[in-house]
Amino acid sequence: MSDLRGYLKKLDENKEIIQIKKEIDRKWEVSAAMKNAGGMAVFCEKVKGSNIPIVGNVFGNMKKIEIALECPRKDLLNEYIKRVSTLIPPKVVPSGPVKEKVFVRNEVDLDKLPIPTINEKDGGPYIDAGIVIIKDPEFGHNLALHRIQVKGERKAGILAGPSTHLHTYIRRAWEKGQPLEIAIAIGCPPVLYIASQVTGPLGLDEYEIAGALRGRPIEIVKCETIDVNVPAFAEIVLEGVIPPNQMELEGPFGEFHGYYTPGKSGATGPVEMPVIEFQAMTLRESPIFQMIMIGKPPTEGLYLRALPHEADLYRIVKEVIPEVKDVYFPPGGCGRYHAVVSIKKRTEGDGKLALAAMLASRIGIKLAIVVDDDIDIRDSLDVEWAMATRSQFDKDSIIVNGTPHVIDPSAVKRDGKTISKFGIDATRPIASPYPDVCDVPKEVFESVKRRWNEYIGGDGSE
Ligand code: MN
């Protein structure tokens, strides 16, 4: 799919999108409609005070990820890993639809966009489906989603958490006394959103991941006022700078974990964050504004993150345990804080080694669980059964204290800066005897199953 529009068409063909024709308020009403739509994508044609429509929840369930990647659910992880094993660099093109209209300097006005206020206590309207594109002389382009709070016609605040690549880029520019140039691309091809969730190393170009996921390069164009390349098929692009050492209050904002982010006191409130000063806006003739519905899980970020995070974790665990069977982030753990991995244990201690790797990853895992390969980790009953019957927590757990966190609301209970992480090894020992899992004999079960009609009063014929 070349762009958001192509993707929306596919969602429509698969009956995964709802059209709202009634005029709707971008403050709270749009997000209420998205909450009510369950996993359906929602296209709001008429937004009060704007001639630009809003679309959201376009990643509202795994079916949509299947559509975006044109691959069935059962093959997604393998297919994803296969595709990203050969990165495809982006292709610079002279122009593209995103340049149909160009506004510079004081022609820029964020008020022209239907930017929504999503949850009740949000500090104001937020752009939360804007892919933040930055460039560093050594590390190249970096793409990620960051929440952006509107603060004026040409000004916004941006959340740049300490563990993010954005934070590193900002620090490196500021150390030289320079502003960091920044572009925000809204309404991009779906593969770019998926690639934006990769937790790869500094210097990994997310454009190349997106190209690999799509099987052909992402077309990019030069910005008007900064030295950054942006997707040619985006709906809207904002260009600006993050001026050095300027911090202002940002937030609160209802996050993916289901809480507003805490201020200094620990209660819902704003925090000091960098600001963006915008100097250009380019867009299509009739653009579509995209948002991401966010709040207590399940919300769409879960499905958007699922695959890149599974693939990242798979790679991380495989480095220490070659025989990883499956990896999974249960939705109750916000698709990020809890992770379960199944392995074929070869050596005593493999479980602990896998836990150490999981807790060390940048994904943000707080609770890591490792089970044997007979456990279906996508079934919470099976995982709980393994923990109940294969763990003694004094010996089979590890705790890591004082580690950084990914905006975890419970960090407030400590010092607000660090958290403690827990790992449970629910694998059976291999070096000492252990009881077998009980079951009826397999051949008897198969026979009963095959002849089930005879048992329940059928006509007796096979
Ligand atoms: Mn990155």
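I looked up the open sheet and found that 4 strands form it in the order β1-β2-β3-β17, with mixed pairing; two strands pair if DSSP finds at least two bridges between them, and strands (E, at least two residues) and helices (H or I, at least four) are DSSP runs numbered from the N terminus. I noted that the edge strands are β1 (17-20) and β17 (289-291), each of which pairs on one side only. Neighbouring strands of this sheet are turned by 20° against each other on average, direction ignored.

I kept in mind that this is a predicted model, in which local features need pLDDT of at least 70 and side-chain atom pairs count only at pLDDT 80 or more, while totals for chains, interfaces and linings use all residues. Residues are numbered from 1 along each chain as its sequence is written, and side-chain values use heavy atoms, with hydrogens and water left out.

I then followed β1 to β2 (residues 41-44), and these two pair in the parallel sense over 4 bridges, with Ile-18 standing opposite Val-42 in β2.

Next I turned to helix α7 (residues 206-214), where 8 of the 9 residues are buried, so the helix is largely enclosed by the rest of the structure; buried means under 20% relative accessible area, exposed over 50%, and partly exposed in between (1.4 Å probe, protein chains only). Among the buried residues I listed Tyr-207, Ile-209 and Leu-213.

At the N-terminal end of α7 I found Asp-205 as a cap, with a side-chain oxygen 2.8 Å from the backbone nitrogen of Tyr-207. After α7 comes Gly-215, whose phi is positive, near 85°.

Terms used: A polar contact is a pair of N or O atoms within 3.5 Å; within protein, one must be able to donate a hydrogen and the other to accept it, and residues adjacent in sequence count only if both atoms are side-chain atoms. Axes are lines fitted to C-alpha atoms, for helices over the stretch in contact, and angles run from 0 to 180 degrees between N-to-C directions.
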